[in-house]
Amino acid sequence: MEPEYKMSSENLDFHYGDFKALHNVSIYFKPCEVTALIGPSGCGKSTFLRCLNRMNDLIPISRVAGKVTLDGDDIYASAVDVAMLRRKVGMVFQKPNPFPKSIFDNVAYGLWVNGIKDKAFVRERVEESLKQAAIWDEVKDRLQDTALGLSGGQQQRLCIARALAVKPEVVLMDEPASALDPIATQKIEELIHRLKETYTIIIVTHNMQQAARVSDVTAFFYLGKLIEVGDTDTIFTRPKKKQTEDYITGRFG
Amino acid sequence: MANRRQTTEKAMRAMFFVITTASIAILFLIMFFLFKEGLPIFKTVSVKDFIFGKYWYPTSDPADFGIFPLIVASVAVTVVSGAISVPLGVMTAIYLSEIAKPKVGEIVKPVVELLAALPSVVIGFFGMVLVAPFLQQVFGIPTGLNLFNASLMLAFMSIPTICSISEDAIHSVPNALREASAALGATQLQTIVRVVVPASLSGISTAVILGLSRAVGETMVVLMVAGGAAMLPGSLFDPVRPMPASIAAEMAEAPVGGEHYYALFATGIVLFVFTLLFNIVADFIAHRYAQVGDATL
């Protein structure tokens, strides 16, 4: 039987050294839905996002307790190959971070590290990914140029294309539009709309209008705790918790 | 008040300008002197015979001023020492900044840099009294003072430079790139080989060239352990006489204004051209492959 949820976290605790950044977070993500994680700075939403592809493993003093599953399997189990996990759970970062390589090589990178060498296949997948990320028309004539010559918005869409090229099942986005201007932001949001047909998307955002525009489900974090999670419409119109209401109406945070 | 401040400002600028001009002028004067004392040898020997002549017998009668064996010796010790020091230095740098726990790096890096503080005469002494007899015994060769010993000692001298500058370059690669690579399912080794090292290649190249140019110009070590025979080496274990060693050893005996004296300065010119080339290449690489954005060295 297919699990009903693509990913889940159950009673997840996270520590940075002595500081407990996440308290007992349990949340379930349905396939092909966009979930927005909102909350004031330092509430743990980015930390939580980075637990979902074990990005926090790179921080030496961190510690995780509880369970995170992908298709029902615990991703923190000792037998899990972290590189394989991250191929299935892709990530787009807050600040565009293209490699100092050509546009083509940036997108092809994920394929190379996965051992795909067939050049025709790589070329096809690069084109497909750039088209999916709605940047193909802007870069198709200069695929060999350095990616660092692109504008911020273009770089971010390139980073999305790069993440899509390895065909992940889940895409994590950590405030992907926070460093971009409104037009570039709009493009990214339209992109998210189209991507959710194929991917399960979890997006951290500071911008509540953005959360309302792009997501199906919204989760509100505060001080390392998951306060409330529900349909985006409900959260924004009839939140159950007072803290959620205060936050979305701008009374704090 | 404002006027006085402006005057001070102007005076300060003038002072800095004069100091800068003086230091550069002195360096140019040294260069001028080098050429003035070196070029007269070409009245006796043609440039071609000087550089490609196979015999260096400056005190015979008639004297032979062919520095080809010295050039080959310099190139050989540099290449061999580079073959030892570049892999060791760069890999140590990668280990320290990418793989080792931060605490290990914090302790080991200063220790490596401390190695750079070892006076070259001490390294030469070590090569002479410890490494030379060891080589002689193990390989059954007539002398332990040879090309290989000199290269080994020079490698020890360049490793700290190569390691320390490479480490800085690798360290300055933004973490965002490592995370991006990891998020695409790359292993740590793939991230190092395909992202971190290429992104810091200009810094690493600069490190390598600075390390090698230290080996080219180094005098004391080669004087002590290279063996000093001005002949073309046939094997790694033949004694050689690199250019700096030749100049240092013979300068005291060469009568000022004599042909030998001029020949030694001319050797200095050749050596200068070598190190100049190294520095130009280093500069070129640093600009050509300049790291961009946060990664700028």
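Relative accessible area, computed with a 1.4 Å probe on protein chains only, sorts residues into buried (under 20%), exposed (over 50%) and partly exposed (in between). The model is predicted, so local features need pLDDT of at least 70 and side-chain atom pairs count only at pLDDT 80 or more, whereas totals for chains, interfaces and linings use all residues. Residues are numbered from 1 along each chain as its sequence is written, chains are lettered from A in the order in which they are written, and side-chain values use heavy atoms, with hydrogens and water left out.

**Loop residues of chain A**

Helices (H or I, at least four residues) and strands (E, at least two) are DSSP runs, numbered from the N terminus. A:Lys167 lies in the loop between H6 and strand S7 (170-174) of chain A. This residue is not a glycine, yet its phi is positive, at about 50 degrees. A:Leu223, placed between strand S9 (217-222) and strand S10 (225-231) of chain A, is also a residue other than glycine with a positive phi, near 50 degrees.

| Residue | Relative accessibility | Class |
|---|---|---|
| A:Asn56 | 0% | buried |
| A:Pro31 | 40% | partly exposed |
| A:Lys167 | 39% | partly exposed |
| A:Leu223 | 57% | exposed |

A:Asn56 belongs to the loop that joins helix H1 (45-51) to strand S4 (62-70) of chain A. Its side chain reaches the backbone oxygen of A:Thr47 at 3.2 Å. Beyond four places in sequence, A:Asn56 is in contact (heavy atoms within 4.5 Å) with residues including A:Phe14, A:Tyr16 and A:Arg50.

A:Pro31 sits in the loop between strand S2 (19-29) and strand S3 (34-38) of chain A. Its contacts beyond four places in sequence are A:Glu4, A:Tyr5, A:Lys6 and A:Thr200.

**Interface of chain A and chain B**

At the interface, 26 residues of chain A are in contact with 19 residues of chain B. Buried area is the accessible area (1.4 Å probe) that two parts lose on being put together, summed over both. Between chain A and chain B this area is about 1700 Å², and carbon and sulfur atoms give 64% of it. A:Phe99, A:Tyr109 and A:Val113 supply 28% of the area that chain A buries against chain B, more than any other three residues.

A salt bridge is a side-chain nitrogen of Lys or Arg within 4 Å of a carboxyl oxygen of Asp or Glu. The count between the two chains is 1 salt bridge. B:Glu179 forms a salt bridge with A:Arg50, with the closest N and O atoms 2.8 Å apart. On the chain A side, helix H2 (82-88), strand S6 (89-92), helix H3 (103-113) and helix H6 (152-165) each supply at least two residues that touch chain B. H3(A) gives the most, with 4 residues.

**Cysteines and a cis peptide bond**

A disulfide is a pair of cysteine sulfur atoms within 2.5 Å. Over all chains, the search finds 0 disulfides. A:Cys43 is in no disulfide, and the nearest cysteine sulfur, that of A:Cys51, is 13 Å away. A:Cys43 counts as buried because its relative accessibility is 1%. B:Cys163 is likewise buried, at 1% relative accessibility.

In chain B, the peptide bond from B:Asp61 to B:Pro62 is cis, with omega near 0 degrees. B:Pro62 is found in the loop between strand S1 (56-57) and strand S2 (64-65) of chain B.

Key:
A polar contact is a pair of N or O atoms within 3.5 Å; within protein, one must be able to donate a hydrogen and the other to accept it, and residues adjacent in sequence count only if both atoms are side-chain atoms.
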